[in-house]
Structure formats: C-alpha cells, structure tokens
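Thank you all for coming; I would like to take a few minutes to walk through one model with you. Please have a look at the display first, and then we can go through it together.

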Amino acid sequence: MPRKAGAPIARIEINGPFREGDPVLDVLRAEASARNTSVQQHIYDILRARYLASQGQSYIALLWTPSDPAVSPQAAIPPPAPPDAASQAASAWLAMLDADADAG
C-alpha cells in the first residue's frame, strides 16, 4: 500500500525492555545485519509486512521490503516454448535408435 505523498511522518520511539543479551534483540540485530539495514528499519519492515499480511496481500508482495533494493517481486516465469521441428526430429531419431538397441 503506497504512502500518501507529502503526508507527515509520525516517528515513534521504542523504549522496550530490551537488555543486552536479550535473545529477541539478538535476533533482530542479526536479521537487520543480514539485510544490511538498521534495527529500527527492520522493525518497521516487519510491522509493515504484518499489516500487509492482515490485509490479504500475496506472499510475493510480502517478500519485498522498501529498505532492501536487492529484493523485488519477480515476474511470473513464462511457460516453456513448444519444441521446434528440429527438436522433435532429434527426439524421434533417438527413440528409434533406442528401440533398435533394445530389439538387437
């Protein structure tokens, strides 16, 4: 869901009960580091993904996060092209050779 252009930004501060060595904080830091982003941005992305999931967004849309330019929704994989005449002839020739080898 795109943000409204020019809308004011509400900044929130989280003064949670995180202490050094807290496993939740350690996991958040590790995930943020793996994504090459700040812990604050990572928490924002998690909350945004949770909101999108509650609104019925698709799994692919949830993979995209605004802070990670390397991750973007991919287009659907096109179906394979039908075999051309040369491929069909080669397949028929190999099938004939296999049939001759099995018979002989």
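**A buried aspartate and an exposed isoleucine**

Let me begin with D45, which counts as buried because its relative accessibility is 4%, under the 20% cut-off that we use for that class. Please keep in mind throughout that this is a predicted model. D45 sits in helix α2, which covers residues 39–54, and its side chain is joined to that of R35 by a polar contact of 2.7 Å.

As for the contacts with a separation of 6 or more, 25% of them are accounted for by residues 24 or more positions apart.

Which residues form a nonpolar patch on the surface? They are I12, I14, F18 and V24, and together they have about 410 Å² of accessible area. I12 lies in the segment before α1, the helix that spans 23–34, and with a relative accessible area of 69% I12 is exposed, since the cut-off for that class is over 50%.

Technical notes:
Residues numbered from 1 in each chain as written. Predicted model: local features only at pLDDT ≥ 70, side-chain atom pairs only at ≥ 80, totals over all residues. Heavy atoms only, no water. Helix = DSSP H or I, 4+ residues; strand = E, 2+ residues; numbered from the N terminus. Buried < 20%, exposed > 50% of the residue type's maximum accessible area, 1.4 Å probe, protein only. Polar contact = N/O pair within 3.5 Å; in protein donor to acceptor, adjacent residues only side chain to side chain. Contact = heavy atoms within 4.5 Å. Patch = residues over 30% accessible without salt bridge, like charges linked within 9 Å, V, L, I, M, F, W, Y side chains within 5 Å. Areas by Shrake-Rupley, 256 points an atom, 1.4 Å probe, with all protein chains shown as cover. Salt bridge = Lys/Arg side-chain N within 4 Å of Asp/Glu carboxyl O.
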